[in-house]
Every structure is written in C-alpha cells, then in structure tokens.
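Please look over the sequence and the model shown here before reading the report that accompanies them.

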There are 2 protein chains.
Amino acid sequence: METTPQREQKRAAEQRRRDLLEAAERVVLRDGPGASMNAIAAEAGITKPILYRHFGDKGGLYRALAKRHTDALLGALRAALDAPAERRRRVEGTLDTYLAAIETNPQVYRFLMHPAEDPPPLDRNFDVGRHSAPLLRRLGEELGKVIEERVDLGEDGAGRARIWGHGIVGMMHGAGDWWLGERPCSRAELVTAMADLLWGRLSSVEDRAEGPGF
Amino acid sequence: METTPQREQKRAAEQRRRDLLEAAERVVLRDGPGASMNAIAAEAGITKPILYRHFGDKGGLYRALAKRHTDALLGALRAALDAPAERRRRVEGTLDTYLAAIETNPQVYRFLMHPAEDPPPLDRNFDVGRHSAPLLRRLGEELGKVIEERVDLGEDGAGRARIWGHGIVGMMHGAGDWWLGERPCSRAELVTAMADLLWGRLSSVEDRAEGPGF
DNA sequence: CTCCATCGTTACTGCTGGTAACCACAGTCT
DNA sequence: AGACTGTGGTTACCAGCAGTAACGATGGAG
C-alpha cells in the first residue's frame, strides 16, 4: 500500500472516469443519443460491466455526460446576461449566445434535449408532468431568478418572474429548434424578431384591413 | 364474393383498425409512451404481426394514434383563435385552451410530446435538427400563418410571423410543461402572466434600485 | 506461501422491435 | 365433388438492447 496510496488510487479512478466520459462523448456525437452501452465500452477499449461499475446505469452515464455541457452553456448564458449594456442589447446577446451554441454543435444540442429516459421502466406513479429536458428546467429557473433579482414586478413578483423565465426559455427553445431544422433566416434576424416579440410588438402592431384582426 | 363484397371488407378492415387504435390508446395511457407492441397486441386480443400488417412499424402506429389527438387539440385552438373578442382576450383564451387540454389529460400530453422515435435505428444522415414533437411544429406553423394573415408586420412579414408563431408556441409549451409538473399557481394566473409577457411588460417594467438592471 | 482486494473478463437473463414461415378457413373454378 | 387461391391468424424465431452474475487474473500485505 506504499507505492499506491489511496490518494493516487483515487486520482487514477477519476482520470479513468474522465477518459470514459470522453469516449462516451465521442460515441454519442457519432451515433446520436441512442448510442448503446456496448458501443461506448468498445470505444473506450473495455467492456460493459466497467461502465456500469462507474456510472450505475445508462441514465447515470448520460447525466454525467450532460452535466458538463449544461454547465458550460449555462455559464456562457450567465455571462451574456451580465454583460454591461442596456436591457434590450443584453436580451439580444443572450438569445444569440444560445442560438450560436446550438448552431455550432447540433449533435450536443440534440443530446442535451433528451428528456431523460423514456423507459424508467416502471413508473406507475402519478408524476405525469415534466417532459422537458433537465437543461431547460435549469435554464428557466435560472432566468426566473435573474429576472426577479433585477426587475420589480410588484405583487408576487417572484412567481411572475419564474413564469417569465420558463416562458422565455421555452420560446427560445421552440423557435431555436425550428430554426435549426429549417434555417429559414439568419441568426441575427431570428434574434431581432424574438426580441421584438418580447418587446411587445405583438400588442402594438396594426391589424390587417380585412378579417377579425389578431 | 357475393356475401362479402369488397365494400364490406374495407369497412370491416377500417373498423378493425379503429379497434386496434383504441386498444393501443388504452395501453399507452396506462403504461406511458414506452408501451410495447406485445402489450398493445395482447390488449387488443391478437398478436404482433397483425399490428405490423396494419401500421407498418411502431412509428406508424404511434403516428396514427397521435393524429387524432393532435387534430382535436388543433381544432380547439383554432376555435379559440377565432373567437369574437379583442386581441388580448383571444390570446388569453388560446393559452387557456392549451393549458386546459394538457391539464385534463396529462398522459395524452406526455405521449404527444414524444419527439418521434429515438432509435430509427440507422439515421446517419445529417438532419441533426428537429427534436421537437411534430405537434409543436404543426402548432407553430399554424399560429404563424394566423399571425401573418391577420396582422401587418411590414417588410418580410411572413418570415417574422413564422418566427413569432414558433416562439409563442415554444413559450406556451415550456411554461406549460413546467407548470404542469410543479403547479406553482393557478391556470388563470399563468395565463395572465404569459399574456403580460407577450404584451411587452418586459420592456416597460422598472429596474430594481440596485444592480445593473435587466 | 497465502490471503485478499481490485480490475477485468465471458457468458448469461429477459426484454424489445420486427419478421419468416406456417396454418386454417372462406369462396371460386373446373 | 375436389383442387386452387387469397386472406386473417398463429408460432417461432432473429438481432440488439440494458443490465448482471460469476468467474479469472494480478499484485501488494501479512
């Protein structure tokens, strides 16, 4: 026990874990979110049971894998949210940061949006809600906090802020996903249009001549 | 061929198909979106190959199953969108209709939000985008059309309208999913907060005293 | 020399979506 | 009557998946 004290053992184990995560990342980016444990183990040059000893089950591996990217994206967004500029510019910057992230690495985006496991096989409990990816929940909650901190929404401001947080994140996600699939316009145009929407253009815009109006 | 002319055969086949879909619906609502073909066949009192003869593969069955609900929800939303009231009331009514739908039957909601199949096993093509459920795409496109029809957005109004459509639908979905999971407030409060957000309160609200403002 | 803990393996279970091959019965043609 | 064909149904299988049990090395400690 002299040559390999527990310190070093632990360091080696963590290094091993990092290697496994990198291999898993390579496979997931290559084969999509449906990559098999067998494939990941093969990529890492080992066999399945080792993976299971390290991460418990597939969900554990995927959670560990997702955490890094989630943290990174969240950091970038926080920076954009804290930039020294007026509110409108800051909102635009945040939207653009998100869109740039999903644009430069759609595979990672696709993986992150995976709403956990479909078959957690026996969940007969009544938690029917929560379909969204954990990333979106975290983003919404975070943005809600920021809004609550910085803006005075009066009566029950905290509740309103959380609603807005999740709503804005949902808008960003929905529009971003559609945009990423069809690429109907440039990123800048998308950002401007979304900021316009958030700035209340929907209420101030004129009805068309005919029809019941919107 | 006299006693069972082709007409009657076809009618019988369609009736059979409807029965199968009903059985599938029962199972999916009981076991969640991960229900197995075996279970569905058993519920219908038959065996797997018959299911495959009728629907091709699991995706086909689920698509057929989803279409009914999607159409129903889309119809309700269209009605709310066409209601004779001023714009703000109409937006609130539409949001409330959506939320009421997912509230009264969360299992159906969960099923509908399933983004197609994860393992269409070999799709090495580069269609990395489109993660969202087809329902959301349809809703966003539909809303975009409505906005474009009824509102004058000036230069490139069609493009802007589509962005807004998908953005608003995303907002509705994101906030709705979070709300359905945590139930932090009443449906009416959620509707009001979201409508406020769309009405530009984010731009007009006052900064808090301290901090950089939002 | 023996014991023990760790790292790794092979080989399996039970499930899934999907299919091939077969069976039985209806009505038609000769 | 008896052979022919199509249609609805079955059993029995395949490949691949997540996950696990049981066994083999290897190397330091007593």
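The model is predicted, and in it chain A has ten helices and zero strands, so that the order of elements from the N terminus on reads α-α-α-α-α-α-α-α-α-α. Of the 214 residues in chain A, buried residues make up 33%. Among the contacts in chain A with a separation of 6 or more, 51% are accounted for by residues 24 or more positions apart.

The table sets out the computed secondary structure of each segment and the separation of its end C-alpha atoms.

| Segment of chain A | Helix | Strand | End C-alpha atoms apart |
|---|---|---|---|
| Residues 14–73 | 83% helix | 0% strand | 23 Å |
| Residues 36–55 | 80% helix | 0% strand | 14 Å |

A:Ala85 lies in the loop that runs between helix H4 (58–81) and helix H5 (87–104) of chain A. Is A:Ala85 buried or exposed, or does it fall in between? A:Ala85 counts as partly exposed because it has 13 C-beta neighbours inside 10 Å, whereas a buried residue would need 20 or more and an exposed one 12 or fewer. A:Ala85 can also be placed relative to A:Asp152, which is 67 residues away along the chain, with the two C-alpha atoms separated by 19 Å.

Key:
Residues are numbered from 1 along each chain as its sequence is written. Chains are lettered from A and ligands numbered from 1 in the order in which they are written. This is a predicted model: local features need pLDDT of at least 70, side-chain atom pairs count only at pLDDT 80 or more; totals for chains, interfaces and linings use all residues. Helices (H or I, at least four residues) and strands (E, at least two) are DSSP runs, numbered from the N terminus. Two residues are in contact if their C-beta atoms, placed from the backbone, lie within 7 Å.
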